[in-house]
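Open the model in your viewer and keep the sequence panel beside it. Each stop below tells you what to select and what is there.

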Amino acid sequence: MSSPLRVAVAGAGVFGLASALSLARAGAVVTVHDPGLDQSNASAVAAGMLAPLSEALTDPTVAPHLDLLMAAQDLWSDFAATHGLELDRSGAVLVGDDARRSALSAAAAELGVSLPAADTAAAPALAGKGARGWGGLRVPGDWRADAADLRLLIQAAQGLGVTLVSEPLRPGEQDLLVVATGASRDFLDAAPELAALTPIRGHILRYGALDYQGPVLRGPGAYAAPSRHGLLVGATMEVGEGREGVDLEVAAGLAVQAEAVFPGLIGRAWTAAAGVRAATPDGLPLVGLSANPGVILACGARRNGWLLAPLVGAMVAALALGEAPGPWAARLNPRRFAT
Ligand SMILES: Cc1cc2nc3c(=O)[nH]c(=O)nc-3n(C[C@H](O)[C@H](O)[C@H](O)COP(=O)(O)OP(=O)(O)OC[C@H]3O[C@@H](n4cnc5c(N)ncnc54)[C@H](O)[C@@H]3O)c2cc1C
């Protein structure tokens, strides 16, 4: 009888955990290493939006990949049910003035989608009186997870026998290494493909006293999303900024920008958090075999790490077992930026 595959996963963000869960379910002996286990990573501060269409309509970088984003979302119902995560299916409303709504409607039509008008009065605490003249377009297919449920993924992994440790990884103790270290370049020698990553810091604000339930509201330059711990308002895209931690000046700038979109926020108290996303030039992550044998990459999720996690986890497990990684492998090939 052959002994089970021993896999070390570096990184306990949503990519590392989704990979560990799929690997453990496939029978591998998995250890997740993360020196920052008790700190907040990008996964923990995210808004948790699982929003293929809104992302394709508002982020030109990922617009060509709507099919992939939708395929990733398709895996979420099972993933959430299996690991006990709640899925909010309230959808999203793209808010803005006539010009913005026309542009979004036209972009949606090009994708073969029609966006019905939405009643923004459904969010009076946010709309405030300054929002008069604005309107909304409904995106019913957007979903949302709660980033606080990262801990449920940790518990689920532990329940499947995955060991989580804060000690650094010792090479040679595993058959396979999965690099899921977000924006970090610590494993550049083991996985030279990480050179394609650019850090993009993101600040997000939490209005703890605002208990908004309903669709995510996405305006120009700011969104407002419900969460279990208050309203989340995000997010900055600080390209090239890899420093961790909150910069209060940047956070205050986001608050001003958000108040212009959602006047109901004016005068409300907020706290800020920040995380560093990792991004590739085409907006898609690096998922697949490194040029270095025995190394699999799972990083570079940009704005869609939560959305993509179940897909990435499944691909990592398939690759580890020597199985076909599925239809998205070429697009996510980590070696696609090699010179
Ligand atoms: C403000 C904000 C809002 C966001 N909103 C959304 C959203 O609504 N929807 C969505 O889908 N995505 C969202 N994202 C993006 C999403 O959070 C990221 O794409 C995703 O969390 C990346 O997950 P990851 O596991 O690759 O990286 P991370 O979550 O960064 O985890 C990487 C882990 O690797 C660990 N690590 C680093 N170096 C080492 C090492 N040498 N050894 C071991 N471990 C190491 C770190 O400690 C960290 O825990 C948002 C991001 C931000 C910042």
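Select Ala235: it is found in the loop between E13 and E14. Helices (H or I, at least four residues) and strands (E, at least two) are DSSP runs, numbered from the N terminus. Show the backbone here. The peptide bond from Gly234 to Ala235 is cis, with omega near -25°. Most residues other than glycine have a negative phi, and most peptide bonds are trans.

A word on the source. This is a predicted model, in which local features need pLDDT of at least 70 and side-chain atom pairs count only at pLDDT 80 or more, while totals for chains, interfaces and linings use all residues. Residues are numbered from 1 along each chain as its sequence is written.

Next, select Arg302, in the loop between E17 and H10. Its phi is near 55°, a positive value in a residue other than glycine. Is Arg302 buried or exposed? Arg302 counts as buried, because it has 22 C-beta neighbours inside 10 Å. The cut-offs: a residue is buried if 20 or more other C-beta atoms lie within 10 Å of its own, exposed if 12 or fewer, and partly exposed in between, with C-beta atoms placed from the backbone.

Now take strand E10, residues 198-207. The strand is mostly covered, with 8 of its 10 residues buried. Which strands does E10 pair with? Two strands pair if DSSP finds at least two bridges between them.

- E15 (residues 271-279) runs antiparallel to E10, joined by 9 bridges. Select Gly202 and its bridge partner Gly275.
- E13 (residues 231-234) is also antiparallel to E10, with 4 bridges. Arg206 has Leu232 as its partner there.
- E14 (residues 238-239) pairs with E10 in the antiparallel sense over 2 bridges. Look for Arg201 opposite Glu238.

Move to the open sheet of 6 strands. Its order is E8-E2-E1-E9-E17-E16, and the pairing is mixed. Strands E8 (163-165) and E16 (286-289) stand at the edges, each with a single partner strand, so one side of each is left without a neighbour in the sheet. Neighbouring strands are turned by 20° against each other on average, direction ignored. Within this sheet, select E9 (residues 176-179) and E17 (residues 295-299): they pair in the parallel sense over 3 bridges. Leu177 has Val295 in E17 as its bridge partner.

Helix H1 packs on the sheet, touching E1 (6-10), E2 (29-33), E9 and E17. The direction of H1 makes about 165° with that of E2. Axes are lines fitted to C-alpha atoms, for helices over the stretch in contact, and angles run from 0 to 180 degrees between N-to-C directions. Two residues are in contact if their C-beta atoms, placed from the backbone, lie within 7 Å.

Angles under 35 degrees count as roughly parallel, over 145 as roughly antiparallel, 65 to 115 as roughly perpendicular and the rest as oblique. Among the residues that meet are Phe15 and Leu21 in H1, and Trp306 and Val312 in H10.

Last stop: H8 (residues 150-159). H1 and H8 pack at an angle of about 30°, with their axes 10 Å apart. That makes H1 roughly parallel to H8. Select the contact: Val14, Leu17, Ala20, Leu21 and Ala24 of H1, with Leu150, Leu153, Ile154, Ala156 and Ala157 of H8.
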